Amino acid sequence: MNIFSNGKNQSIIDILNDKDERLKQQRDLLFNNQNDILICIKLNIPGPIKHNKAIQQIFTLGTNHLLKLLKQSGIVVKQEIYWHKDVGDTGFILLNTNDKNKIKRLTIDLEDYELYGRLFDVDVVYYSDNNVKSVSRTELNLPVRKCLLCERPAKECARSRKHSVQELQTKINELYGKMFN
């Protein structure tokens, strides 16, 4: 099965506009909840197709897993907002806590230890000094994310375009088959 066989092609303009909307949503949520932590969850989907039923299934599976991890850790979810748009799925999960490092470690559990985790981009953001800031892995002395296809740092492979869109999509199709078949 090729999960990229249907969906609406997205341009770089569509993706950049969505990023602006996402950042505005983060700012608005955190400005009104300055003592809370916000998780912003997205998928790393290569190529022009960013959303369809199969891709949304992956998003829902990972999001539900993250919500389960939060509940098991006693973290109170204050608000959830989900966008299911042609440019991709996005979740905003506002948490009634200020323990940003604990939350980042939970999100890393999803990103690094689940079969589908490398497809996820989970940011932990908070409000400080009149700005929205995010928690990085390096702040916690943790290794950077690894590439979906090799063990090199993901950002390095993405920047150099080491792997083709086709190679990445083939791997995602394989993962999808393992998750849902």
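How many bridges join strand E1 to strand E4, and in which direction do the two strands run? Seven bridges join E1 (residues 37-43) to E4 (residues 120-128), and the two run antiparallel. The model described here is predicted.

## The sheet

E1 and E4 belong to an open sheet of five strands, in the order E2-E3-E1-E4-E5, with antiparallel pairing. Strand E2 (77-85) and strand E5 (131-134) stand at the edges. Each edge strand has a single partner strand, so one side of each is left without a neighbour in the sheet. From one strand to the next, the twist averages 25°. Strands of a sheet pair through backbone hydrogen bonds, either parallel or antiparallel.

Lys 42 has Asp 121 in E4 as its bridge partner. Val 125 stands opposite Ser 134 in E5. The hairpin of E4 and E5 has two residues between the strands, and Asp 129 takes a positive phi near 50° in this hairpin.

## Helices on the sheet

Helix H1 (residues 12-31) lies across E1, E2, strand E3 (88-95), E4 and E5, and runs at about 165° to E2. Helix H3 (residues 100-113) also packs on the sheet, where it touches E1, E3 and E4. The direction of H3 makes about 170° with that of E4.

Which residues of H1 are buried? They are Asp 18, Arg 22, Gln 25, Gln 26, Leu 29 and Leu 30. These residues cover an arc of only 115° around the axis, which puts them on the same side of H1. What covers them includes E1, E2, E3, E4 and E5. On the other side of H1, Ile 13 and Phe 31 are exposed.

In soluble globular proteins, nonpolar side chains tend to be buried together. The largest nonpolar core in this model has 36 residues, of which Leu 70, Ile 103, Leu 119 and Phe 120 touch the most other members. The elements that give two or more residues to this core are E1, H2, E3, H3, E4 and helix H5 (165-180). Its largest share, eight residues, comes from H2.

Ile 103 shows what such contacts look like. Not counting residues up to four places away in sequence, Ile 103 touches Ile 37, Ile 39, Leu 70, Ile 75, Leu 95, Thr 97 and Val 124. A second, separate core has 10 residues, among them Leu 29, Leu 38, Trp 83 and Leu 94. Leu 29 is also one of the buried residues of H1.

## A glycine in H2

Is Gly 62 buried or exposed? Gly 62 lies in helix H2 (residues 53-72). Its relative accessible area is 0%, which is under the 20% limit, so Gly 62 counts as buried.

Leaving aside its neighbours within four places in sequence, Gly 62 is in contact with Leu 110, Tyr 116 and Phe 120. Gly 62 and Pro 143 are 81 residues apart along the chain, and their C-alpha atoms are separated by 21 Å.

Definitions and conventions. Residues numbered from 1 in each chain as written. Predicted model: local features only at pLDDT ≥ 70, side-chain atom pairs only at ≥ 80, totals over all residues. Heavy atoms only, no water. Pairing = 2+ DSSP bridges. Helix = DSSP H or I, 4+ residues; strand = E, 2+ residues; numbered from the N terminus. Axes fitted to C-alpha atoms, helices over the stretch in contact; angles between N-to-C directions. Contact = heavy atoms within 4.5 Å. Buried < 20%, exposed > 50% of the residue type's maximum accessible area, 1.4 Å probe, protein only. Arc of directions from axis to C-beta. Core = buried A, V, L, I, M, F, W, Y, C linked by side-chain atoms within 4.5 Å.
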